[in-house]
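The sequence and structure come first.

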Amino acid sequence: MASLFRAYGRGLGVLLLAIAALWILALIVVPLGAMIEQSLWWKDSKGDITLQIDRLYNDMATLQLDAAGETDAARKAGFEAQIAQKQALATELEAQETNPPKTYGLANFTRMSALHFYIFVRTIFYALMVTALALVVCYPMAYAVALASGPRKAIVLTVALIVPYAINELLRVYAWLMILDYRGVINGILAWLGMVDLDNRGWIPFLENPSAVFLAMIYTYVLFMVFPMVNTLETLDRNQIEAARDLGASSFRIHRRVIIPHAKPGIAVGCIMTFMLSAGSYSVPAIMTRGQGGDWFSQLVYRQFYESNNWNMGSAYAVSLLVVCTAFILIMMRLFGVGLRDIAK
Amino acid sequence: MRGKDVRLDQVSIRFGDSIAVQPLNLTIEAGEFFSILGPSGCGKTTILRTVSGFIEPTIGRVLIGGEDMAGKGPNERPTALIFQNLALFPLMSVAENVAFGLEARGVAKAERLKRAQELLELVALGGYGDKKPSDLSGGQRQRVAIARALAVEPSVLLLDEPLSALDLKLRQHMRAELRAIQKRVGITFIYITHDQGEALAMSDRVAVMSRGRLEQVAAPDTLYAEPATPFVATFVGEQNVIRGTLRRISNGAASVDTPLGPIEGREVGTPAIGAPVLVMVRPERMTLGATRDNSIPVTLKARHLEGPSVNLECVTGGQTLTVTLANGPAMRELPSDLVLGFGREDARVYAEGALAHG
């Protein structure tokens with residue numbers, strides 16, 4: 001901090017610090033804090049509270065009947081006192097019913113049903129699959145782009161990567177929907193070839209298979225995998241590739257021993273981004289499966305918020321996903337032997 | 001390790017429309033330290049990459065040890081290339097770097113590391129196997145690159161200006177070292193450089209190239225003493241160049257009319273009588289005082305002390321002549337009017353041609 005003041009002077013230094021603080025506050029502390037806080041409490045709305053109130057009013061009605069028919073003043077006063085007591089209890093319970101007390105605890109995290117937990121695990125697995133497939137698809141692509149030079153490179157970059165991404169994500173997903181639908185492009189071609197019979201619903205139900213989601217997701221997030229890899233591959237000294245070849249190495253060995261080790265930080269960043277995006281993707285599974293394939297966890301989170309109206313549970317789900325994704329990042333970094341420093345480069 | 005001879009047979013290389021290498025024949029003997037010297041863009045690196053297999057000649061054949069290399073990639077040739085920037089693998093240890101070629105050949109780990117250790121000892125880096133290349137100095141990295149190339153037991157080692165990144169002291173040290181390593185392993189070295197000092201100091205023979213053409217192939221002494229073309233004469237060492245017209249030739253002795261008066265010299269090639277010619281005299285071949293063959297009166301303009309020698313910058317008739325003399329007491333006080341003398345044998349007369357420096 002002292003060096004910051006030395007470099008920029010007191011006024012500008014304070015301003016820079018303030019901007020940094022604002023950034024951290026607005027982007028990390030406030031949203032994350034709000035989400036975690038939300039996930040840590042629930043409203044104790046016991047289901048039988050209404051029943052209790054109903055019973056109290058029943059009792060009071062009986063007591064009033066008793067009081068009305070009673071002639072002995074002392075006993076009548078006794079009934080009245082009982083009625084007042086019950087009324088007080090009922091008022092208290094009614095207050096609780098309309099505004100149940102908050103209780104803090106971890107119950108939101110432990111209350112997940114077996115089905116939801118299964119979907120959670122499956123989503124993580126699917127996201128890993130998408131990441132792995134995207135890596136396999138993107139590595140050769142990134143390699144080709146990084147090593148192409150001159151005008152050819154610009155063409156490859158533009159045609160293969162930029163143009164598809166000039167289109168909105170939703171439109172791209174819908175495009176795949178149209179391709180894979182029951183009466184979509186592929187089934188249409190197959191019908192034209194006489195291989196399926198659309199009139200008798202003899203189509204191939206691509207969309208009912210999770211791989212349809214994988215496909216659309218890889219297509220949607222391919223850029224996030226390719227660009228970090230292109231960036232690191234571009235910094236590779238091509239002489240190293242030639243040197244390895246000159247020393248007799250096969251292409252496979254050159255990739256394994258020279259190119260991939262060099263590209264590791266880029267691969268790690270690409271994997272992390274793709275994994276995070278696919279694990280948290282809502283639109284792609286929602287659109288592609290239309291409820292006919294299995295849900296992804298993000299869809300559950302959405303429903304907790306907007307259909308169950310249980311924001312606490314939704315927050316807990318979201319935080320769980322965040323924790324697992326963060327763990328994944330740390331594992332990836334350990335696995336690839338890259339530090340934050342390498343990734344920042 | 002055994003050296004093999006390299007033969008370029010009518011090799012010509014084009015990139016699109018531009019001709020990088022004009023058709024040329026070149027034979028490099030087995031076990032020879034052969035340098036290709038020339039300014040940047042003369043085609044020397046192209047030739048090296050052709051021998052190593054990264055470039056196929058447009059026309060002609062490359063033969064190594066008598067075997068035609070057509071269609072063989074860099075990994076199938078008995079050559080190893082040392083890159084200008086060395087291209088060591090930064091993420092591997094020094095020993096892994098050296099062992100990489102053996103790894104590629106499927107040699108077991110223990111065996112290849114043992115071999116790497118031997119090679120590192122050969123280049124006096126025995127204790128550095130576990131370090132990363134970035135931990136080493138420039139000269140040490142240089143030696144790692146040599147060890148890595150030697151590990152695959154090449155018959156021909158190709159070096160692409162490997163010393164250019166080093167500072168002067170280290171460069172001079174590495175010259176001797178490279179020469180010693182070549183003597184020890186006995187394989188053919190083809191060394192690319194634009195530094196005439198390196199080429200002259202290390203090589204058995206030197207080829208001088210200019211604009212994709214071979215100018216001269218000769219032993220260093222011959223190259224310096226008897227350059228075949230004006231380009232070689234001016235590229236290798238210093239020259240005083242005097243333009244003139246050839247008046248007479250008899251028995252190889254040429255008389256030239258120049259703005260500085262008639263000069264007697266020795267013809268090189270066959271310039272025509274009456275044609276414009278270039279007379280070249282090395283600064284150290286000139287002396288103070290008139291000689292029997294040639295004497296030119298000049299005015300001393302500047303004296304540059306080099307230490308063991310002194311360079312005198314003289315002018316006459318709008319032309320600057322430089323004389324290099326051994327330093328001594330007589331050099332401290334010089335009159336401004338001098339006479340420069342040189343023998344007939346020291347003035348070489350060339351037909352007009354391209355010079356190395358404009």
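## A buried arginine without a salt bridge

In this predicted model, Arg282(B) sits in the loop of chain B that runs between β14 (276-281) and β15 (287-288). Arg282(B) is buried but forms no salt bridge. The nearest side chain of opposite charge belongs to Glu284(B), 4.6 Å away, and a salt bridge requires the nitrogen and oxygen to be within 4 Å.

A polar atom of the Arg282(B) side chain lies 2.9 Å from the backbone oxygen of Tyr224(B). Beyond its neighbours within four places in sequence, Arg282(B) is in contact with residues including Leu223(B), Pro227(B), Val236(B) and Glu238(B).

## Salt bridges

Over all chains, 26 salt bridges are counted. One of them pairs Arg257(A) with Glu103(B), at 2.7 Å from N to O. Arg257(A) belongs to helix α11 (residues 251-279) of chain A and Glu103(B) to helix α2 (residues 94-104) of chain B, so this pair joins two chains. Arg257(A) counts as buried at 19% relative accessibility, as does Glu103(B) at 7%.

Within chain B, Glu118(B) and Arg115(B) form a salt bridge with the closest N and O atoms 3.0 Å apart. Both lie in helix α3 (residues 109-122), 3 residues apart, about one turn of the helix. Glu118(B) is partly exposed at 37% relative accessible area, whereas Arg115(B) is buried at 18%. Through shared partners, salt bridges also link Arg253(A), Arg257(A), Glu96(B) and Glu103(B) into one network.

## A nonpolar surface patch

A nonpolar patch on the surface, with about 890 Å² of accessible area together, includes Trp23(A), Ile28(A) and Leu322(A). Helix α1 (residues 2-39) of chain A gives the most to the patch, with 9 residues. Ile28(A) lies in this helix and is partly exposed, with a relative accessible area of 43%.

How values were computed
Residues are numbered from 1 along each chain as its sequence is written. Chains are lettered from A and ligands numbered from 1 in the order in which they are written. This is a predicted model: local features need pLDDT of at least 70, side-chain atom pairs count only at pLDDT 80 or more; totals for chains, interfaces and linings use all residues. Side-chain values use heavy atoms; hydrogens and water are left out. Patches are made of residues with over 30% relative accessible area and no salt bridge: like charges are joined within 9 Å, nonpolar side chains (Val, Leu, Ile, Met, Phe, Trp, Tyr) within 5 Å. Accessible areas come from the Shrake-Rupley method with a 1.4 Å probe; for residues, only the protein chains shown count as cover. Helices (H or I, at least four residues) and strands (E, at least two) are DSSP runs, numbered from the N terminus. Buried means under 20% relative accessible area, exposed over 50%, partly exposed in between (1.4 Å probe, protein chains only). Lys and Arg count as positive and Asp and Glu as negative; His and the chain ends are not counted. A polar contact is a pair of N or O atoms within 3.5 Å; within protein, one must be able to donate a hydrogen and the other to accept it, and residues adjacent in sequence count only if both atoms are side-chain atoms. Contact means heavy atoms within 4.5 Å.
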